[in-house]
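Here are my notes on the model, as promised. Have it open while you read and go through the points in order.

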Amino acid sequence: MDMKKRVSLELRHRSPTEVQELVLDNCRSGEGKIEGITEEFSNLELLSLINVGLTSVADIPKLDKLKKLELSDNRISGGLELLSERLVNLTHLNLSGNKFKDIGTLEPLKKLPQLKSLDLFNCEVTNLADYRDSIFKLLPQLTYLDGYDIDDCEASDSDGEVVDEEDEEGLGKKKSFI
């Protein structure tokens, strides 16, 4: 299913201003770009675009209330300066499984003062010598990198990380953010 169609399905007859969480995982983006998400989603706090084929975040709209952005398992390799311009209150950013190769491509994240958690698991940049030290030095506002703090202590559930919860019927697991 393409991204625009998925956005309209997820709205469920609501206006974009009513939506606080938008999960579009595993749909398809045309030409590797974000589609169907506009500044009308002014109350959006969580946006999940996992495995949608993104190569760029160039079309991400200005979303002042967005706190959590999931972009894992795409093909993004740069262009992060737009995040600091358009997502000023971002606290959690998951870029795991993308194409980031060097620390310099992450430098624009310095301009996200609220950013507390960054995930780069399964990106080439994690193979660099002194990767963790370099990222914490580059982004002093970070509390957690890849789920661990600067002292290698794992993030607790109360720190706003993703946790698995059983659904009401106990029939399986669903992801939620706390």
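Predicted model: local features only at pLDDT ≥ 70, side-chain atom pairs only at ≥ 80, totals over all residues.

1. Arg75 sits in the loop that runs between strand S3 (68-70) and helix H2 (81-86). Helices (H or I, at least four residues) and strands (E, at least two) are DSSP runs, numbered from the N terminus. With 45% relative accessibility, Arg75 comes out as partly exposed; buried means under 20% relative accessible area, exposed over 50%, and partly exposed in between (1.4 Å probe, protein chains only).

2. Residues are numbered from 1 along each chain as its sequence is written, and side-chain values use heavy atoms, leaving out hydrogens and water.

3. Now the overall layout. The chain has three helices and eight strands, in the order α-β-β-β-α-β-β-α-β-β-β along the sequence. Of its 178 residues, 44% are buried. The chain exposes about 9400 Å², with carbon and sulfur atoms supplying 46% of it; areas come from the Shrake-Rupley method with a 1.4 Å probe, and for residues only the protein chains shown count as cover.

4. What does Ser96 touch, beyond its neighbours within four places in sequence? Its contacts (heavy atoms within 4.5 Å) are Leu71, Ser72, Asp73, Asp119, Leu120, Phe121 and Cys123. Ser96 belongs to the loop between strand S4 (92-94) and strand S5 (117-119) and is buried at 9% relative accessibility.

5. Tyr144 is in strand S6 (residues 144-145) and is buried too, at 11% relative accessibility.

6. Check the backbone at two spots. Asn26, in the loop between strand S1 (21-23) and strand S2 (46-48), has a positive phi near 70° despite not being glycine. Asp130, in the loop between S5 and helix H3 (131-138), has a positive phi near 60°, and isn't glycine either. Asn26 is exposed at 52%, and Asp130 is exposed at 55%.

7. On to salt bridges (a side-chain nitrogen of Lys or Arg within 4 Å of a carboxyl oxygen of Asp or Glu): the whole structure has five. One of them pairs Glu10 with Arg6 at 3.2 Å, N to O. These two are four residues apart in helix H1 (residues 3-11), so about one helical turn separates them. Glu10 is buried at 17%, as is Arg6 at 18%.

8. Another bridge joins Asp152 and Arg132, with the closest N and O atoms 3.6 Å apart. This pair links distant parts of the chain, 20 residues apart: Asp152 is in the loop between S6 and strand S7 (162-166), and Arg132 is in helix H3. Asp152 is exposed at 51%, whereas Arg132 is partly exposed at 22%.
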